[in-house]
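These are my notebook entries on the chain shown below. I looked up its order of elements, its overall dimensions and its core.

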Amino acid sequence: MAVREVIHWGDPRLKIKSADVGPWTPELDQLVTDLFETALVEDGVGIAAPQIGINLNLAVIDCSCGEDPDSKIILINPTIVKEEGKQVGPEGCLSIPGIHEVLERPQRVTIRNRKKDGAWYELVGEDLLARAFCHEIDHLRGRLFVEYFGPIKKKLIQRKFIKQLQVV
Ligand SMILES: [Zn+2]
């Protein structure tokens with residue numbers, strides 16, 4: 001296992017639309033292990049491959065933050081098929097450390113996801129899991145959650161983020 005370096009807002013690799021995962025390989029298993037490990041160390045609910053500079057449609061989510069092995073989800077070439085309701089709450093991102101902003105997301109999200117063996121299935125998430133589905137799938141499309149805000153608010157967040165980086 002290895003913790004990978006997480007790239008930050010401003011890195012052009014976070015804006016690339018990722019490529020689909022092909023046939024499953026042992027290297028991908030290793031990548032998934034590393035992603036879970038990195039999310040755990042960084043205190044994140046999830047992380048997408050582009051955040052460690054690998055532009056593949058692959059992400060991991062663990063809403064229990066390492067407490068419950070059953071809550072580990074691997075997203076492979078996922079797409080959102082249904083969004084229901086609304087939730088309003090704070091959201092953060094490992095690529096924008098120190099920043100949490102209130103963002104509206106659907107309350108319940110259904111995704112179509114691939115298994116390692118290539119089979120497809122649907123998965124429903126509510127509350128935090130629904131938010132995580134949206135957040136990670138956005139990463140795979142090259143979108144960070146701060147992109148939802150208007151230019152003025154985005155500028156303010158950016159200023160705050162840069163200031164915090166300098167403190168660290
Ligand atoms: Zn993120």
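I read the protein chain along its sequence and noted the pattern α-β-β-β-β-β-β-β-β-α-α. The count comes to 3 helices and 8 strands. Here helices (H or I, at least four residues) and strands (E, at least two) are DSSP runs, numbered from the N terminus.

I recorded that this is a predicted model, in which local features need pLDDT of at least 70, side-chain atom pairs count only at pLDDT 80 or more, and totals for chains, interfaces and linings use all residues. Residues are numbered from 1 along each chain as its sequence is written.

I next looked up the overall dimensions. The C-alpha atoms fill a box of roughly 45 × 35 × 30 Å along the principal axes.

I then asked what share of the 168 residues counts as buried. The share is 28%; a buried residue has 20 or more other C-beta atoms within 10 Å of its own, with C-beta atoms placed from the backbone.

I turned to the largest nonpolar core, which has 28 residues. Such a core is a set of buried Ala, Val, Leu, Ile, Met, Phe, Trp, Tyr and Cys residues joined through C-beta atoms within 7 Å. Leu35, Ile47, Ala59, Val60, Ile61 and Phe133 touch the most other members. Among the elements that each supply at least two residues are α1 (26-41), β2 (58-62) and α2 (128-140). The most comes from α2, with 6 residues.

Finally, I examined Leucine 35. Leaving aside residues up to four places away in sequence, Leucine 35 touches Ile47, Ala49 and Val60; contact requires C-beta atoms, placed from the backbone, within 7 Å.

Technical notes
Buried ≥ 20, exposed ≤ 12 C-beta atoms within 10 Å, placed from the backbone. Contact = placed C-beta atoms within 7 Å.
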